[in-house]
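Below is a short note for a colleague who has not looked at this structure before. The points are numbered and can be read alongside the sequence and the model.

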Amino acid sequence: MTRRELQTGVEDGTICKNILQAIGYAPAAPEVIKDRTMLQNGSVTACLDYVHGLGEFLELEILVRSDEEKGAALAQIESILNNLGYQISDTVRTSYLSMLQKE
């Protein structure tokens, strides 16, 4: 998936959860439970995920600052996949939550 992500620190997870619930958010079902190992090589982050109820996944990520950099990052990810014996067409662009909801 390619999408814009915004991140910030949270001092207290319980308080943050209570704030979100107070403004109408509810826990998603089913709950996504994953074990993740993160590896870094230059600008590429590789996440080895075991998602309970789904199995094992490799997530490759390169953070870019502009749309102009996105094409080069996708080409780099495609090269890594090719070296592992995969093609872009082999990738899944569905979130873990969506996959679990279809189970």
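1. Helix 2 covers residues 67–83, and its 17 residues should span 24 Å at 1.5 Å a residue. The C-alpha atoms at its ends are 25 Å apart, which agrees. The model is a predicted one, and the values in these points are computed from it.

2. Which residues of helix 2 are buried? They include Ala73, Ile77 and Leu81. Looking down the helix axis, the buried residues of helix 2 fall within an arc of 80°, so they line one face of the helix. Strand 3 is among the parts that cover these buried residues.

3. The other side of helix 2 has exposed residues: Glu68, Ala72 and Asn83. Just after the helix comes Gly85, which takes a positive phi of about 90°.

4. How many salt bridges does a search of the whole structure find? The search gives two. In general, side chains of opposite charge can pair when their charged atoms come close.

5. One of the salt bridges joins Arg36 and Asp49, with 2.7 Å between the closest N and O atoms. Arg36 belongs to strand 1 (residues 34–41) and Asp49 to strand 2 (residues 44–51), so this pair ties together parts that are 13 residues apart in sequence. Asp49 is buried, at a relative accessible area of 2%, whereas Arg36 is partly exposed, at 34%.

6. Arg36 also meets Glu59 in a salt bridge, at 3.2 Å from N to O. This pair links distant parts of the chain, since Glu59 sits in strand 3 (residues 55–62) and Arg36 in strand 1, 23 residues apart. Glu59 is partly exposed, with a relative accessible area of 29%.

7. Taken together, Arg36, Asp49 and Glu59 are linked in a network of salt bridges. Arg36 takes part in the bridge to Asp49 and in the bridge to Glu59. A reader checking the model can look at strand 1 and strand 2 for the pair with Asp49, and at strand 3 for the partner Glu59.

8. The count of aromatic pairs comes to one. It is formed by Phe57 and Tyr96, whose ring centres are 5.1 Å apart and whose planes make an angle of 55°, so the pair counts as tilted. Phe57 lies in strand 3 and Tyr96 in helix 3 (residues 96–102), and the pair links these distant parts of the chain, 39 residues apart.

9. Phe57 counts as partly exposed, at 22% relative accessibility.

10. As for individual cysteines, Cys47 is buried, with a relative accessible area of 4%, while Cys16 counts as partly exposed, at 27% relative accessibility.

Conventions
Residues numbered from 1 in each chain as written. Predicted model: local features only at pLDDT ≥ 70, side-chain atom pairs only at ≥ 80, totals over all residues. Heavy atoms only, no water. Salt bridge = Lys/Arg side-chain N within 4 Å of Asp/Glu carboxyl O. Helix = DSSP H or I, 4+ residues; strand = E, 2+ residues; numbered from the N terminus. Buried < 20%, exposed > 50% of the residue type's maximum accessible area, 1.4 Å probe, protein only. Phe/Tyr/Trp six-rings, centres within 6.5 Å; stacked < 30°, edge-to-face > 60°. Expected span 1.5 Å × (residues − 1). Arc of directions from axis to C-beta. Contact = heavy atoms within 4.5 Å.
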